[in-house]
Amino acid sequence: MQEMQEMQVSKSFFSSVKECEWLNELGQEGYRLVGRREGKYRFEVEEGRTWYYSLEWLDCSPKSEKGQAYIRSREQGSVELAATFSLWAYFVSPDPIPASDEGRRRTAVHYRNIALLIYLFDIIAAALTGYHYVVRPFLAKQKVLLEAPVLKKSGNFLIDLARRLEYGAKELLYRYGRLFGETKAALALGILIPLVIGLSIAGAFWTAEWLKNRPEKTEPEEGKGEEAPDEQTEVSGETAERS
């Protein structure tokens, strides 16, 4: 019997797909995951053994009742829970682990939410960039927003409400221009362009992860839907003959 060795590997991933592929490659060399923490993987290594992995987002604490119930549902046959990290669960088995549509769906939703949040910040940064480098120079050229706005009251509620909204928008743009227009602080906005580019790249990356983890749609096999009516017709015919 070969002696089992313990080994710790330092590695970081942004993609659960790449991480699972890496674990399966090590599993072919006898690496069985027994612990996971930030940037660290702890393995028991036994030559001649083969291990397969599945990595799933639980969307809840692994110690919670919901998390424990899902883990028990996945621990069937030779599949075992190898480790947990944050809300991730690492399953291991000496046999290939069948994919879980529920696990893939939760993982895909997790990456979709990250992508949507990044795109939200991307839109805000792009809007600020567009205003600072396109809209404001145009308004300055037209000699607009160079003076502080003045609120004028007419006595009519609706007219005054509209003027207040207009005044608020102009005041906001005026103060923004005073802060970032002709001062050295405007140089700080130079970070907006690389920020927009970086957020766009990050959003595309997480979108790709979302698409990779989506459960595959299974279409019903041809002919299955036609068999049931034929059987029902035969049964009806036999019943009619007996009667």
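Leaving aside its neighbours within four places in sequence, which residues is Ser16 in contact with?

## Ser16 and its contacts

The model described here is predicted. Ser16 belongs to helix 1. Once its neighbours within four places in sequence are set aside, Ser16 is in contact with Leu55, Trp88, Thr107, Tyr111, Glu209 and Asn213. Ser16 counts as buried, because its relative accessibility is 5% and the cut-off for buried is under 20%.

Three strands make up an open sheet with antiparallel pairing, and their order is 4-6-5. The edges are taken by strand 4 (52-57) and strand 5 (80-85); each has a single partner strand, so one side of each is left without a neighbour in the sheet. On average, and with direction ignored, neighbouring strands of this sheet are turned by 25° against each other.

Strand 4 and strand 6 (residues 88-93) run antiparallel and are joined by six bridges.

Helix 1, made of residues 16-27, lies across strand 4 and strand 6. Helix 1 runs at about 160° to strand 4.

Helix 2 (residues 65-74) also packs on the sheet, where strand 4, strand 5 and strand 6 are touched by it. The direction of helix 2 makes about 155° with that of strand 4.

## Salt bridges

The structure holds seven salt bridges. One of them joins the side chains of Glu80 and Arg32, with a distance of 2.8 Å from N to O. This pair links distant parts of the chain: Glu80 is in strand 5 and Arg32 is in strand 2 (residues 31-37), 48 residues apart. Glu80 counts as partly exposed because its relative accessibility is 41%, whereas Arg32, at 16%, counts as buried.

Another group lies in helix 3, where Glu102, Arg105 and Arg106 are linked in a network of salt bridges. Arg105 pairs with Glu102, and the closest N and O atoms of this pair are 2.9 Å apart. These two residues are three residues apart in helix 3, about one turn of the helix. Arg106 also meets Glu102, at 3.1 Å from N to O. Here the separation is four residues, again about one turn of the helix.

How exposed or buried are the members of this network? Arg105 has 39% relative accessibility and therefore counts as partly exposed. Glu102 is likewise partly exposed, at 37% relative accessibility. Arg106 is buried, because its relative accessible area is 9%.

## A nonpolar surface patch

On the surface, a nonpolar patch is formed by Tyr133, Val134, Val135, Ile193, Ile197 and Ile201. Together these residues have about 540 Å² of accessible area. Helix 3 (101-141) and helix 5 (192-213) each supply at least two residues of the patch.

Val135, one of the patch residues, is found in helix 3. Its relative accessibility is 37%, so Val135 counts as partly exposed.

How values were computed. Residues are numbered from 1 along each chain as its sequence is written. This is a predicted model: local features need pLDDT of at least 70, side-chain atom pairs count only at pLDDT 80 or more; totals for chains, interfaces and linings use all residues. Side-chain values use heavy atoms; hydrogens and water are left out. Patches are made of residues with over 30% relative accessible area and no salt bridge: like charges are joined within 9 Å, nonpolar side chains (Val, Leu, Ile, Met, Phe, Trp, Tyr) within 5 Å. Accessible areas come from the Shrake-Rupley method with a 1.4 Å probe; for residues, only the protein chains shown count as cover. A salt bridge is a side-chain nitrogen of Lys or Arg within 4 Å of a carboxyl oxygen of Asp or Glu. Buried means under 20% relative accessible area, exposed over 50%, partly exposed in between (1.4 Å probe, protein chains only). Two strands pair if DSSP finds at least two bridges between them. Axes are lines fitted to C-alpha atoms, for helices over the stretch in contact, and angles run from 0 to 180 degrees between N-to-C directions. Contact means heavy atoms within 4.5 Å.
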